[in-house]
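Me: I would like to go through this model term by term. For each label, give the cut-off and then the value.

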Amino acid sequence: MPFNIEQHLDEITKLRHRLHAMAEVSGEEQDTSEYIADFLESTKPDQLKTGVGGNGILATYASGNAGPHILIRCELDALPISDQIEVDYRSQTEGVGHKCGHDGHMAMVCGVARLLQQRTLQSGKVTLLFQPAEETGKGAERVIEDEQFQELDLDYCFALHNLPGFEKHQLVMRKDVFAAASVGLIVNFQGSTAHAAHPEEGKSPALAMAQTVQAFSSAPQFYSPLEKAAKVTVINANLGERAFGTSPGKATVMATLRTYDGDLLEKLKTKCLDIARRTAETYELSMDYEWVEPFPATTNAKDGYKLVQLAAEKLELNIYEKPSPFSWSEDFGHFTSDIPGAMFGLGIGEEHPALHAESYDFEDEVIPTGISMFMQIITEISSSNNNE
Ligand SMILES: [Zn+2]
Ligand SMILES: [Zn+2]
């Protein structure tokens, strides 16, 4: 194992299990954040900033020589999904579990911290970011808006996501777009209630709701070209109350819009709003709407991609170039839109339970691979700069 990871593995694996047991949802990662800050303190960073964009933490390790500033990012949050796994480190928080493996991501970045503590960095600086609220798409933006982050003046950013469905230790890469852009839309139709015996005296949004569900679901077919993927997934629809004597007066439709291309997403947003507006008009309803949880596409820079590729080759990892981007979204896209860098995937087993499944647990076996990848990328950048 390169980079003397072996001697820290026991500590890092235990840390992963502690984090798993204290799972906290987006925006409420106080205990996790405190625990990580304590750990980072022990790695003697040159700077440690807490309360970044909420519960976020930044730990900076400087070489003392001029050179590029590299950001390595991981996430603090778990999900409101119960932890259905039989292990002694099972989540202690009812209904909350680390079902996206962010506990594993944190553990790997903590491993990087232990190695940076050895002061082997040849040039420039490395900052480790423990980001809050990834799952709701709010965390990255809030971190970026925070002055403590803006002071950093970064040159590169990198992150990884663990991937069930891929061979253990396999490096999954993408040129250009890595993960989709997406946004949530909430449409509220407001009519008026009436006695169920006299729906004609009220304004029921029942048909408006039904037609909107249909029109949203088929929108990609009409508004996106064949070569560009787009999806509108209706995630919730709600009409009136459980009151058999009442013709309903209110309805809500919620959908997630998803593309690989920011411009197409903008077009699709306009189309979906048009659909909702026109439907409201047809049935003489009033309509309001809200956009929630926006995620830009996560786009890998050429340079960032090459560095990941070089690192994976040097570590002799099995590299898989994915033919199309991931259709899920990642708020790391907020970083890659400003800072050149890349996100890559790390396989945790072909038969492994899926992300966000109740039976999912991170795979400890890949911890050294993740640490090595980040360390190799850091080494490539800081050593090449030193030779110039
Ligand atoms: Zn997730
Ligand atoms: Zn995740």
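Reply: A nonpolar core is a set of buried Ala, Val, Leu, Ile, Met, Phe, Trp, Tyr and Cys residues joined through C-beta atoms within 7 Å. Buried means that 20 or more other C-beta atoms lie within 10 Å of the residue's own, exposed means 12 or fewer, and partly exposed is in between, with C-beta atoms placed from the backbone. The model is predicted: local features need pLDDT of at least 70 and side-chain atom pairs count only at pLDDT 80 or more, while totals for chains, interfaces and linings use all residues. Residues are numbered from 1 along each chain as its sequence is written, with chains lettered from A and ligands numbered from 1 in the order in which they are written.

Me: Which residues touch the most other members of the largest nonpolar core?
Reply: Ile 72, Val 112, Cys 272 and Phe 374 do, in a core of 103 residues. This core draws at least three residues from each of domain 1 (2-168 + 348-387) and domain 2 (180-294). The domain bounds come from an automatic or database domain assignment. The C-alpha centres of the two domains lie 38 Å apart.

Me: What does Phe 374 touch?
Reply: Leaving out residues up to four places away in sequence, Phe 374 touches Ile 72, Met 108, Val 112 and Phe 158. Contact here requires C-beta atoms, placed from the backbone, within 7 Å.

Me: Why are helix 6 and helix 7 called roughly antiparallel?
Reply: Helix 6 (residues 206-223) and helix 7 (residues 262-282) pack at an angle of about 150 degrees, with axes 10 Å apart. Angles under 35 degrees count as roughly parallel, over 145 as roughly antiparallel, 65 to 115 as roughly perpendicular and the rest as oblique. Helix 6 and helix 7 are therefore roughly antiparallel. The axes are lines fitted to C-alpha atoms, for helices over the stretch in contact, and angles run from 0 to 180 degrees between N-to-C directions. Helices (H or I, at least four residues) and strands (E, at least two) are DSSP runs, numbered from the N terminus.

Me: Which residues of helix 6 and helix 7 meet?
Reply: Among them are Ala 208, Ala 215 and Tyr 223 in helix 6, and Leu 268, Cys 272 and Ala 280 in helix 7.

Me: How do helix 1 and helix 3 cross?
Reply: The axes of helix 1 and helix 3 (residues 102-116) come within 9 Å and cross at roughly 145 degrees. Residues that meet include Ile 12 and Leu 19 in helix 1, and Ala 107 and Cys 110 in helix 3.

Me: What makes Asn 55 buried or exposed?
Reply: Asn 55 has 27 other C-beta atoms within 10 Å, so it is buried. Asn 55 lies in the loop between strand 1 (47-52) and strand 2 (56-62). Its contacts include Glu 29, Leu 76 and Pro 132.

Me: How do you know whether Ala 312 is buried or exposed?
Reply: Ala 312 has 24 other C-beta atoms within 10 Å and is therefore buried. Ala 312 is found in helix 8 (residues 302-314). The C-alpha atoms of Ala 312 and Leu 171, 141 residues apart along the chain, are separated by 7.1 Å.

Me: Why is Asp 176 called exposed?
Reply: Asp 176 has 12 other C-beta atoms within 10 Å, so it is exposed. Asp 176 is found in strand 7 (residues 176-190) and has a positive phi of about 65 degrees although it is not a glycine.

Note on methods:
Contact = placed C-beta atoms within 7 Å.
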